[in-house]
Amino acid sequence: MNKILNIDEVNMQATAECGVVLEDLENAVRKYGLTTGHSPQSKPIAMMGGLVATRSIGQFSTLYGGIEDMLAGVETVFPDGQICDIKAVPRRSAGPDIRHIVLGNEGTTNFITRVTVKLWKYYPEYQEVLGFTLDKMQDGMKIMREIMVAGYRPSVARLYDAEDGKEHFSHFAPGKCVMVFVTEGPQLVSHANAEGIRAIMAKHSECTPVETKLIENWFANLNWDAARIEEERKEVLETNNVCCTTEISAPWSAVEQIYNVCKKRVVEEIPDITIFGAHGSHCYSNGMNLYFVYWYNVVDCTPEEEINKYHLPIKKIICEETIKAGGSMCHHHGVGKHRIHWIDQEHGSALPMLKKIKAAFDPNGIMNPGDILPYYIEKK
Amino acid sequence: MKLLTCFKLCPDMDKLRQQDFEISGGKGLETSFLPNMINCFDESGLEFGIRLSEKSEGLEPNIEKTAFTIGGDASEMYLRTLKALGYEHCVLVKKDEDEFRYSPCMVAQTIAEYVGENPQDIIVMGKEAPNGNNSATAQLVSVLTGRPLISSVIDVKFCDDGTLTVTVTNDGDVYEQTVALPVVLSIGNAVISKLRVPTLKQRMKCKDLPLEHFKPAETSCAMFPEPMRAVIPDRRRGGYLSPYSGSEAVDDIQGKFLKGRLGEA
Amino acid sequence: MKLLTIVHIDGTDAIEAAALRQRTLNGYFESFGYECESYLYGAEKFYEDAVKQDFAGRVYAQRFHFISAVPVADEISALIIGGKFDGVVIEESELANDIAVLLAAYLDRRCLTNVFSVTPNGTGILCKRLSYNNNLILEHEIKAPFVISLRGYEKILTAPSGAAFEFFPLRSMENSEYILSQKPVSKAGKQGNSKVLIACGMGVETCEEIEYFRNYAREHGFNFGVTRPVAIRGWAKLGETIGVSGQTFAPKICVTLGVSGAAAFYVGIENADFILSVNTNRDALIIAQSDAAIIDDYKNVCGKLLDSLVDLYATL
């Protein structure tokens, strides 16, 4: 099921079977001067069905949105064999939006077979890239909020703290936080967004502009190819130093507190941490995500035990502190099996809705058990 | 026992895109916007330095380690990492890379001067670094310090009796040698390529410890002629793109290019 | 001008190839009016085989039990002083750069390493070498007295030397002052020089397919190599890497399958007469750097392509 079925230039939509790789779809629509606007790091291998099932988001989401904003129509199959086709319309108010039973289900209630996504005109020639350094992450969060609340819509709005930034920007910003913006779209819109952001940044003397070439080069090398992944694997095996991430979302009023407390607690409570940092990569008028990036040395620990010594304890701190402060434990990485431990806290009083959806559509529990909701084995 | 490991910071050339290729200063490539990394052969040497000084199998070598580099401010971050990893001395000779990229003599004379003031039993460095590609510094240090050179080292360890054993390669063949000290080791495609990583706590402890700065005497050496010109190679062959695919493409290429091609000597 | 060329004898099974390389190198310099003599060095006992080969001109030979550049440089420097050589050119080998720089330091000569092109120009020698991970060509002029070591040397088209072979074996060096003992750990299975090279990159999807291409190449007398990431992922030995950290080849035909074409790899095939690449990505660097390309999945092409190469080989 890997065919692109239709590229509709009039209605600005593309329809693809679930097995179409996003990069193949993107390359196909680019021939028409169009883009899906969806660019997660997994683009070369992620398939359309999976991207919808995981509520994925891409690197240009601040302009184009996440998959939930891109999905126009979808066909899916339920465990009882029912094939449901949700038609692609610009918007409707015909009951609750049932696309959201499909979006993010992670294969726990249905199997997506066909996807229709929106398209945008592609204007690479009008892209503008901006970078700034500053000392404090907290200042960066406030400035990011100012830009989003003012109404500007860059495609990329990122904020790196000094520790996470070390891995990316130490050649020009050692010990500093870095803010990156990319604007795109029609010329007047892209330029107006860029000028608006520049004007706000200029008001903040704590921010210093960075030469565009530095940011452009960094962005061009952000996503790894297969060769780079192999180098990384070799490096991990040689050094026993492992990188992992946990990314969350939070309203503006909570994000600084979450950042501070998670940083403090993980560094104090978890052994062998070599780097603990964070960056924000998806911004909204009502908050942002925080992508915690951490490295640890695996010391005196079998591979089977690593999850209990490092992985889960770190996730526990981040997920619990985030939920306590009013945020969400997963912005776009999904629940999978590794965050089921906190699904009750995440949804609170709304959890019954999720359980009833599962019970209604998959009463026999055959669809991806143990994902999103914990899999309980009844004691006899 | 004293061990000196020399390293050089290089730009990460994997991150240079085709469209960004630009000659700088007539004799180099513009790489100031690229992230830095420790030259891979030197990085192996730095990790070997730590492994040699670790207690192993009843042996407790008492090794005072020095990490030594010539470069700019960007080197400081790496020296602090090495401090956090246990290098007792971290030495920076401040110099712009343009001044010594094609002057392995200058580099070797600087190292030799430091060794003259701070005698070392084992001197370790990578066999070459990408920018200058001189592949000469270890040899010159060997001659200037009067210590014999062991080339293409891919592994190093102390034996139970305290002698140094090295594994070397020679055009694909691998040998193990025990060597007398003092010695200069030139590191090749080593069995380990990555330096271990210090913990955050180790880094915090060393954050404010002083680095050492060394100012060498002015030197000159005419052994390596400076380049007259630098040219970005044009490797394009104006390739023919077969308009076909599969078997038809093979027939197309076979007919146009391959037939008879192996005939001449 | 009098020149000493230095050639590494890499095992007695490679001595015939070494003789061809020595004749070719000497022939090139003789075409510029140089008088050439040569020096062979190696670890195995090779004198008996060497004397039966077709080397050119006056050839000294020396065996060294201990693998090390220092004793080789020590012995050659005595030869250079005695022979009054204006220049020394060392053929590519793992110790070439080490020997070159040691010689230059001992004898106070000018030196250039990693040289891929050498052109005498009356006043000196114009040398070209690569830097910045093989992304920049540097041009130098070096004047006598000099020492040059070669790497990835470009093809020589002048006639090989026809000078009458005179063999001068020198004393075998069995001892070392600072290498206390030596034992062999492994010997590389060296590939001979084939007219066809198959190079596999990360686009080849499985370890089994890499093994298939390796075996196919071996069975049909082709050379085989991989890009470094393929070796790092454990699908090939590091010794099978092509490029700056591995082997360089100069085949008549090089076929690349699923290779992107990074400079560090490309220098390993740059001297190929004809490069044919198969890749699904039309924008991959290797496509522009090839003489011909097929934009397709290698699986759709390689069966017929490899068979056609075997047929070509069979016509030789």
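How many residue pairs are in polar contact across the interface of chain B and chain C? The rule finds 48, both residues of a pair being at pLDDT 80 or more; a polar contact here is a pair of N or O atoms within 3.5 Å, where within protein one must be able to donate a hydrogen and the other to accept it, and residues adjacent in sequence count only if both atoms are side-chain atoms. This is a predicted model, so local features need pLDDT of at least 70 and side-chain atom pairs count only at pLDDT 80 or more, while totals for chains, interfaces and linings use all residues. Residues are numbered from 1 along each chain, chains are lettered from A in the order written, and side-chain values use heavy atoms, leaving out hydrogens and water.

Let's stay with B and C. Here 77 residues of chain B are in contact (heavy atoms within 4.5 Å) with 87 residues of chain C. Together they bury about 7,100 Å², that is, accessible area (1.4 Å probe) lost on being put together, summed over both. Seven salt bridges turn up too, meaning a side-chain nitrogen of Lys or Arg within 4 Å of a carboxyl oxygen of Asp or Glu. One of them links Lys304(C) to Asp251(B), with the closest N and O atoms 2.7 Å apart.

Now for chains A and B. In this pairing, 23 residues of chain A touch 23 residues of chain B, and about 2,000 Å² is buried, 52% of it from carbon and sulfur atoms. The rule finds three salt bridges, including Glu235(A) with Lys194(B), whose closest N and O atoms are 4.0 Å apart.

How values were computed:
Buried area = accessible area lost by both parts, 1.4 Å probe.
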